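Let's take a walk through a protein together. Have the picture open beside you and follow along as we go.

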Amino acid sequence: MKSLILEIKGNSLDDGPGIRTVVFFKGCPLNCVWCHNPESKKAVMELSWDKKECIGCLACAKICPENAIDIHNVNFVDRIKCTLCFKCVEVCPSGAMSKVGTEMTVEDILQQLLKDKPFFDISGGGVTLSGGEPLMNISFASELLQQCKNNAIHTLVETSGYFNWNEFETCIAPYCDMVYYDIKLIDEEEHKKYCGVSNEKILSNFKKLVGLSKMSGIKVVPRIPLVPGITAKEQNLTGIAAFLQECGMHNVELLRYNPLWPEKCVKVGNNTIIDKTLTQWMPHEEYERCKRIMSEVNVTMHC
Ligand code: SF4
Ligand code: SF4
């Protein structure tokens, strides 16, 4: 069994308790317009071209069998012609061309994680499954989590909440110590507009997860990614605060907005026109405003 992995990143201090190694899965059932990892959205390998790294040698254009690379093309690579043979990656001397996504087995990943086990043990850390959506390939995630637990590694899953509950309860929950659960937009129509799917399943799964956590000891942390003009609106934040209280959950993490994602979109050939407000950092006062709006629940800020 293999899964497409975007990256495995060690020494993370931002993705759960202690020092963690984060496994980023590739593929997500949502399509959030502000996704911080746009290269993780598609569940297929992709070609990335980094203009900043390119030295203009055109070795890639010479080897491309499809004539998909043209210096006069603003996007450099014609994504319609490109068949993802990755011959250009092999010859690129600067690393400007790269393959996004690697097929890995559970054993491949585990071998990497075990190297970091001494750091987990000394710091109270562990492994974090992130993405993309790590539960999109739920049987793979289950096997990986089981192997982690067999090796006494703390496990955390960062999820959009868009999964089949019965599969989660049987295959994930028994091997999961902690869940970071994103709640982005409380209004269903807004959720469809900005995330591409209804939030019905996400909210329903969250309620069930809070219930399960009381019996199983899984620690659940709801999180709201703050996005200017979309999720960071008063009506949305008060709506989510009310929903959390209704579920008996009194803590929430607010995630700071990172506007660097549009550059990543361009690298994988996604040139969607982006609202200017989404390309700027959120001012400090905006975070304070969001915290005040959510003052009925205990708020922590997260980078
Ligand atoms: S991946 Fe293959 S087809 Fe696509 S641009 Fe590179 S060499 Fe051409
Ligand atoms: S081979 Fe690499 S460095 Fe040379 S033009 Fe192509 S992308 Fe740029």
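Start by finding Leu 226. Setting aside the neighbours within four places in sequence, Leu 226 is in contact with Thr 231, Ala 232, Leu 237, Leu 254, Leu 255, Tyr 257, Met 282, Tyr 287, Cys 290 and Met 301. Keep in mind that what you're looking at is a predicted model.

Now zoom out a bit. Leu 226 belongs to the largest nonpolar core, which has 67 residues. Leu 226 is also one of the core members that touch the most others, along with Trp 34, Leu 129, Phe 168, Phe 206 and Met 294. Apart from this core there's another one, made of 13 residues, and Trp 49, Cys 64, Val 77 and Cys 88 are among them.

Next up, the helices. Look for helix 5 (residues 138–150) and helix 6 (residues 165–172): their axes come within 9 Å and cross at roughly 20°. An angle under 35 degrees counts as roughly parallel, so that's what we call helix 5 relative to helix 6. The crossing of these two helices is right-handed. Who does the touching? On the helix 5 side you'll find Ile 138, Ala 141, Ser 142 and Leu 145, and on the helix 6 side Glu 167, Phe 168, Cys 171 and Ile 172. Sort the residues of this contact by class and you get six nonpolar, one polar and one charged.

Stay with helix 6, but turn to helix 8 (residues 200–216). Here the axes come within 11 Å and cross at roughly 30°, which makes helix 6 roughly parallel to helix 8. Helix 6 passes helix 8 in a right-handed crossing. From helix 6, the contact uses Trp 165, Phe 168 and Glu 169, while helix 8 brings in Asn 205, Lys 208, Leu 209 and Leu 212. By class, that's four nonpolar, one polar and two charged residues.

One last stop: Asp 50, in the loop between strand 3 (46–49) and helix 1 (59–63). Is Asp 50 buried or exposed? The relative accessible area of Asp 50 is 18%, and buried means under 20%, so Asp 50 counts as buried. Leaving out neighbours within four places in sequence, Asp 50 is in contact with Ala 96 and Lys 267.

Technical notes. Residues numbered from 1 in each chain as written. Chains lettered and ligands numbered in written order. Predicted model: local features only at pLDDT ≥ 70, side-chain atom pairs only at ≥ 80, totals over all residues. Heavy atoms only, no water. Core = buried A, V, L, I, M, F, W, Y, C linked by side-chain atoms within 4.5 Å. Buried < 20%, exposed > 50% of the residue type's maximum accessible area, 1.4 Å probe, protein only. Contact = heavy atoms within 4.5 Å. Axes fitted to C-alpha atoms, helices over the stretch in contact; angles between N-to-C directions. Helix = DSSP H or I, 4+ residues; strand = E, 2+ residues; numbered from the N terminus. Parallel < 35°, antiparallel > 145°, perpendicular 65-115°, else oblique. Left-handed = near helix turned anticlockwise from the far one by under 90°. Nonpolar A, V, L, I, M, F, W, Y, C, P; charged D, E, K, R; others polar.
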